Amino acid sequence: MAQPFYARKIDLNIGPRKGETVYSAQAYYYGTITTKQVATQIAQESALTPADVIGVIERLAYFCQTHMALGYKIKLDGLGIFYNELLTEKSVSTPKEVTAKLVKSIRPAFNAEYTILNGTFRYALLPEKTNLVRIDFKGGVPIVTPEEGDSESPDEI
C-alpha cells in the first residue's frame, strides 16, 4: 500500500520570507469512498447485508452525536476517540472571566488510536509500514513518478 503525495506550491505572504515561493509534500487522494461502498465491501466480507451495515453506521453516527452533545468522548477500539473541541475567540486573565461567551463554536474532533513503540507513534488506522509515492500532474492527470536517486521501491515510513 502506498500513500501518494505531490509537491504543493506555497507563496509566503507574511514574515521574514514574505514573497518567497516554497514547496512542501501534500497528500494526494484518488477520491472518497462512500458509506455505500463501505457497506457493500463489509457485507461481502461478512454475513450482513449492505442495508444492515448502513443501519449500523447510521446508528453509530447518531450515538456519537447524542452522547457527544451530553459531554462524552466516544472511544472506538481500532479507530480512536471522537470528542468535541471548543473554538474560542480569545483568552482571559482569570478563571472567573471564563464564560460560555468566549466559545465561538463547537466542532467534532477525532484522535486516531495509537501506541508508542520505541519512541515512535504507531497508529491503528495505518498498516505497519506505509510507502510514499510521488505524484506529478501531466496535463491534469496524476502520474506516479520515481524520485531522483530512488530505487525500484517507494519511500517507506
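Helices (H or I, at least four residues) and strands (E, at least two) are DSSP runs that are numbered from the N terminus. The legends below describe a predicted model, in which local features need pLDDT of at least 70 and side-chain atom pairs count only at pLDDT 80 or more, while totals for chains, interfaces and linings use all residues. Residues are numbered from 1 along each chain as its sequence is written, and side-chain values use heavy atoms, with hydrogens and water left out.

View 1. The protein chain has 2 helices and 10 strands, and from the N terminus on its elements follow the order β-β-α-α-β-β-β-β-β-β-β-β. Its radius of gyration, taken over C-alpha atoms, is 22 Å, well over the 15 Å that the globule rule gives for 157 residues, so the protein chain is more spread out than a compact globule; the rule itself is 2.2 Å times the number of residues to the power 0.38. Along the principal axes, the C-alpha atoms fill a box of roughly 60 × 55 × 40 Å. Buried residues make up 13% of the 157 residues, where buried means under 20% relative accessible area, exposed means over 50%, and partly exposed lies in between (1.4 Å probe, protein chains only).

**View 2. The aromatic pair of Tyr-6 and Phe-137.** The structure holds 8 aromatic pairs, which are rings of Phe, Tyr and Trp (its six-membered ring) with centres within 6.5 Å, counted as stacked if their planes are under 30 degrees apart, as edge-to-face if over 60 and as tilted for the rest. The ring centres of Tyr-6 and Phe-137 lie 5.7 Å apart with their planes at 75°, so this pair is edge-to-face. Tyr-6 belongs to strand β1 (residues 2–11) and Phe-137 to strand β8 (residues 131–138), so the pair ties together parts that are 131 residues apart in sequence. Tyr-6 is partly exposed at 22% relative accessibility, as is Phe-137 at 38%. Together with Tyr-28 and Tyr-30, these two residues form one aromatic cluster.

View 3. Tyr-114, Ile-116, Phe-121, Tyr-123 and Leu-126 form a nonpolar patch on the surface, with about 500 Å² of accessible area together. Such a patch is made of residues with over 30% relative accessible area and no salt bridge, its nonpolar side chains (Val, Leu, Ile, Met, Phe, Trp, Tyr) being joined within 5 Å, whereas like charges are joined within 9 Å; the areas come from the Shrake-Rupley method with a 1.4 Å probe. Strands β6 (114–117) and β7 (120–123) each supply at least two residues of the patch. Ile-116, found in strand β6, is exposed with a relative accessible area of 53%.

**View 4. The salt-bridge network of Lys-75, Asp-77 and Glu-113.** These three residues are linked in a network of salt bridges, each bridge being a side-chain nitrogen of Lys or Arg within 4 Å of a carboxyl oxygen of Asp or Glu. The closest N and O atoms are 2.8 Å apart between Asp-77 and Lys-75, and 3.4 Å apart between Glu-113 and Lys-75. The latter pair links distant parts of the chain, with Glu-113 in the loop between β5 (103–112) and β6 and Lys-75 in strand β3 (residues 74–76), 38 residues apart. Asp-77 is exposed at 67% relative accessibility, whereas Lys-75 is partly exposed at 49%.
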